[in-house]
Amino acid sequence: MLEKHDKIDATLTYFFASFVRCALLAVTVIAVLGQFGVQTASLITVLGAAGQAGTIKELNLFFSVMATPDNIRITVPNSNVWGSALRNFSANPTRRVDILAGISFDDDIDKAMEVTRGIVAEDDRIHGDPEPFLAVMAMN
């Protein structure tokens, strides 16, 4: 329709057409995922975060507003999200946690591993599958 008007530049016509196409595609994808039972709110949260941690408070066509865990308000342009790698920390019910512990050079590494295995075995929060992994990562 815009091409029919002589007063509208061809570059501007292409820009509007591609913007509308992308916006419709994004809305359609989110709507379809919602119909299949995917939690679109969490998906949009991750998309809006674009590498930052927080909770989405507001969604707009051009940007998302989020609050970080320390309650800082961040406004993220949605254009920063498309094509970026996303990490969703709440998608799975459990996650592996790496805990680094240090001991003195004078301490017995075998004894430290034995004590750590005992603590891990007694803690109800630690899952047996996959089996917990203990290793010496570095000598500092």
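**Pocket, confidence and surface**

Modeller: The largest pocket has a volume of about 1500 Å³, a volume being the space filled by probe spheres set on grid points joined across faces, edges and corners. This is a predicted model, in which local features need pLDDT of at least 70, side-chain atom pairs count only at pLDDT 80 or more, and totals for chains, interfaces and linings use all residues. Residues are numbered from 1 along each chain as its sequence is written, and side-chain values use heavy atoms, leaving out hydrogens and water.

Biologist: What makes a set of points a pocket?

Modeller: On a 1 Å grid over the protein atoms alone, a pocket is an open set with protein on both sides within 12 Å along at least five of seven lines. Its lining residues have an atom within 4 Å of a point; the largest pocket has 34 of them, with Asp 98, Ile 99, Leu 100, Phe 133 and Leu 134 nearest its centre.

Biologist: How do you know which part of the protein chain has the lowest confidence?

Modeller: The predictor's confidence in each residue is pLDDT, from 0 to 100. Helix α2 (residues 40-49) is lowest, at a mean of 55, whereas helix α3 (residues 109-122) is highest, at 91. Where pLDDT is low, the predicted coordinates should not be read in detail.

Biologist: How many of the residues are called buried, as a percentage?

Modeller: Buried means under 20% relative accessible area, with a 1.4 Å probe and protein chains only. Of the 140 residues in the protein chain, 14% are buried.

Biologist: What share of the contacts joins residues at least 24 apart?

Modeller: A contact means heavy atoms within 4.5 Å. Among contacts between residues at least 6 apart in sequence, 25% join residues at least 24 apart.

Methods. Helices (H or I, at least four residues) and strands (E, at least two) are DSSP runs, numbered from the N terminus. On a 1 Å grid over the protein atoms alone, a cavity is a set of points where a 1.4 Å probe fits but cannot get out, and a pocket is an open set with protein on both sides within 12 Å along at least five of seven lines; lining residues have an atom within 4 Å of a point. Buried means under 20% relative accessible area, exposed over 50%, partly exposed in between (1.4 Å probe, protein chains only).
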